[in-house]
Amino acid sequence: MNKKAITAGILAASLFTTVPGTIPLAGSPKWTNVNVYEEQDGSKFNSENYDFLKFSKIGSKLQEIAKQSNRVKVEIKGKSADGNPLYVVTIADPKAQGKFGHNKALRKQMFKNPQKAQDWIKKNPDFKVPVMINGSIHGTEFVGTDAVLQLIERFATGKDTETTKILDSSILIFNVVQNPDGRINATRFNSEGIDLNRDFITQSQPETQETVELIKEWNPMVFLDTHGYVKNYAPNKQGLIEPCTPPHNPNYEYDLYNKWAYIQAQAMESEILKNKGEYKGSLYQSMDGAYIPQRDDSAGWDDYPPIFTPMYAMYHGAYGHTLEAPTNDLDGVRWQYDAIMGALKYSAEHKDEMITDQIEVFKRGINFDHPFHEEGFFPHAYVLPVNEEDPTVTQKAVNHLLKNDIEVIKASKPFTAEGKTYPEGTYIVQMNQAKAGLANTMLWDGEDITNDTPAMYDISAWSLPELWGFEAFPVKSEVAVKGQAVKEADSAGTITGNGPFLIPNSSVKAVELVNSLLKKGITVKRDTQGNFYVQGPVKAIEGEVIKSGLNIETSSIPAGAVSLTKLKVAILKDGGMNKQQSHSGTKLALKRLGFEVTEVSPVEVSQQGLNPFDVFVYNGTENLISTNLNAANKEFGLQDASQYTAFKANVASFVEKGGKYIAIGTGASRATKTLGLTDDEITTGSSNSNGIVSVDYEGTGVTAGYKANDIGFVYRPAWYGGTGTGNDRILASYDNSADFFLAGHWKDNGKAQGQPVIVQEKDKDVTLIGLEPGFRDHTDYLFRLLSNAIYEK
């Protein structure tokens, strides 16, 4: 990551004291229609707004604090999706400032010889533990960063006994504003429309990648993630402090985590209550505690998926907590401040025992000893063979594992595992390593937890092999193989012969290569199996092939292959309906496939039509075409009935003139019926149903490259039936078996068994897809359903 010291700037007037205080308001115009370039005063989704510190003031404020203290190190550790700086502040006793490298080396010892690290701690009680506090990953949850800034000033300049005691035992790492774009724009998501607190398994965004690097750099003992706003989840219990309700992901060493996390949560609650008299609002004055899900509930606030920041940190041994303030005001800032202080005091008092158990997590991994797991749950190894023609998918997976502190080796000779022989160059993830839990949660297939809990907070399945499309074979016996540790998996593509050249319809990189060649004006044809054939001078093609990483060879072009043209794709923009940009994952998927993609708002479609485009993609809520929207959502959708009429007419005209219309997911499918583009019956699962499913694909055209009993991903599943289906081609169906639902959470999924999930109208170019092939930029294996649908004539 890019690291540089903050340059000198104009010093802001002091806005903070060492205890929570008032934060003045910097005036700025309100945003309209989410085309925002100026800083916003607050969120329309929250009636509570206060004078939070604007992002543009934070850099100078941090420098001002740093000039007053020899305890502080301020850095910019990268940039957000929109190019805003990612500030990191490290605070430690001055005696420790020059020893950070030594401290990190000792942390690394935990992964190599954890017993030695535990013994060292017993002999060196002055060891300082890293504690990481993450500020406002959701941009509209302003109070977290403001509390962080107040804490930075306290620990930079404070001389009281509590401050000194905490700094005697801790190094504090503040990720000051984890989502600058969201804070500036008053959006939950970043400028790419991605909820960063759902991105920690995919790590598609620079902000997420920076946080992962920070976690790896410090391997914090405690990780606190600041959020809002939760109130009245239980009588007189205001705010929320994790740990969570079941189900707990089985890849954790949860006994070691929960031993300390639950008591630490109570310590945070006690600190809040101790200062109850300082709060201004009646909500706070009457509170008798915080909502601690594990204590106060049975389900609904789980820590199952590794997509959330604290849950991801737990795989690095951290005691991770989400802290949800009750309100978006100065009382909310104080609540966060007090909760964090409670956590810091507790960890300072119990650091020796807590870090000993954190190291025990790594010891269990290295020793392949998981006493609270069923025997055989963790395989001894995963074997990742490489497709010689298209190694790009496996290489992406290996690099992802390496970026997450997971050790990978590459076989230097052929070897045999469980009766199967693998060639030289095969990748192996041995599971006797410190962060085995993280390796396993990334590489396992997952499980069906439908009957384990009545509801899940978010996704329940995310398997990288299945959803990224590479092979990872779990081996239950020990794997003896000669190999070398991998530092990076990468290779240049190659081109053999004089052409024409076959580009298999095999991966995201393959389609991206095709689109890059089309942009250069090179002739590309596509056959019924979705494979591509390139004709042109080798020198004109070679450079793009080398960048792609594919190995392509000469092949004859089959009869019936159709020439492709560069296509202009429009996607209906969800600017932030209900605080989410529902189309963003698919938008990013299309861009990664190499398509020229333009976002068009519902109002723009109604006023300007779709004439400049070849393809129109709708992937989002049906409310984008509703005129009955509340004040917070109004700017993202149609403004009145006349705009709806114009939108409907313009889309119909686009289709009638030969334009391609693709609807993805439940909301878009329902909207398509409302627009009169299908007469199918749209049936859906419940809103929180999601997971990996077995799908029977037709295997040509839109579903080229996929087969029967293949994989799909659903999120609020849809399927198509009724008399209207007779007017369609059924291109894919949920597998007609009782166990078609493979992993995740989906009540009553039997209703969808064998039902159509991808259909195409026979009389017009309208395709409905009930899966989510572009979900959160995560489902790489399914991206080619999008490119197939776009290219298919």
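Modeller: Contact, as I use the word, means heavy atoms within 4.5 Å, while helices (H or I, at least four residues) and strands (E, at least two) are DSSP runs numbered from the N terminus. The model is predicted, which is why local features need pLDDT of at least 70 and side-chain atom pairs count only at pLDDT 80 or more, whereas totals for chains, interfaces and linings use all residues. Residues are numbered from 1 along each chain as its sequence is written, and side-chain values use heavy atoms, with hydrogens and water left out.

Biologist: What makes helix H20 (residues 584-592) mostly covered?

Modeller: Buried means under 20% relative accessible area, exposed means over 50%, and partly exposed lies in between, with a 1.4 Å probe and protein chains only. In H20, 7 of the 9 residues are buried, namely Ser584, Gly585, Thr586, Lys587, Leu588, Ala589 and Leu590. These buried residues pack against strands E24 (568-572), E25 (596-600), E26 (615-618) and E27 (660-664), and against helix H24. After H20 comes glycine 594, with a positive phi near 95°.

Biologist: Why does glutamine 264 count as buried, and which residues does glutamine 264 touch?

Modeller: Glutamine 264 has 0% relative accessibility, and therefore counts as buried; its place is in helix H9 (residues 254-274). Leaving aside residues up to four places away in sequence, glutamine 264 touches Val222, Tyr319, His321, Ala343, Tyr346, Ser347 and Met354. A polar atom of its side chain lies 3.1 Å from the backbone oxygen of alanine 343.

Biologist: What makes phenylalanine 377 and tryptophan 444 an edge-to-face pair?

Modeller: Rings of Phe, Tyr and Trp (its six-membered ring) pair if their centres lie within 6.5 Å, and planes under 30 degrees apart count as stacked, over 60 as edge-to-face and the rest as tilted. By this rule the count comes to 34 aromatic pairs. For phenylalanine 377 and tryptophan 444 the centres are 5.7 Å apart and the planes are at 70°, which makes the pair edge-to-face. The pair links distant parts of the chain, 67 residues apart, with phenylalanine 377 in the loop between helix H14 (351-366) and strand E11 (381-384), and tryptophan 444 in the loop between helix H16 (436-443) and helix H17 (464-468). Phenylalanine 377, at 24% relative accessibility, counts as partly exposed, whereas tryptophan 444, at 10%, counts as buried.

Biologist: Why is the pair of phenylalanine 532 and tyrosine 791 edge-to-face?

Modeller: The ring centres of phenylalanine 532 and tyrosine 791 are 5.9 Å apart and the planes are at 70°, so this pair is edge-to-face. Phenylalanine 532 lies in strand E21 (residues 532-535) and tyrosine 791 in helix H24 (residues 783-791), so the pair ties together parts 259 residues apart in sequence. Both phenylalanine 532 and tyrosine 791 are buried.

Biologist: Which residues have the most contacts inside the largest nonpolar core?

Modeller: A nonpolar core is a set of buried Ala, Val, Leu, Ile, Met, Phe, Trp, Tyr and Cys residues joined through side-chain atoms within 4.5 Å. The largest has 201 residues, and Val176 and Leu771 have the most contacts inside it. Helix H13 (residues 330-349) gives the most to this core, with 10 residues. Apart from it lies another core, of 31 residues, among them Leu572, Leu677, Tyr720 and Leu768.

Biologist: Why does glutamate 349 count as partly exposed?

Modeller: Glutamate 349 stands at 49% relative accessibility, and therefore counts as partly exposed. Glutamate 349 lies in helix H13, and the UniProt annotation "active site", from an unreviewed entry, covers Glu349; such annotations may be inferred rather than shown by experiment.

How values were computed:
A polar contact is a pair of N or O atoms within 3.5 Å; within protein, one must be able to donate a hydrogen and the other to accept it, and residues adjacent in sequence count only if both atoms are side-chain atoms.
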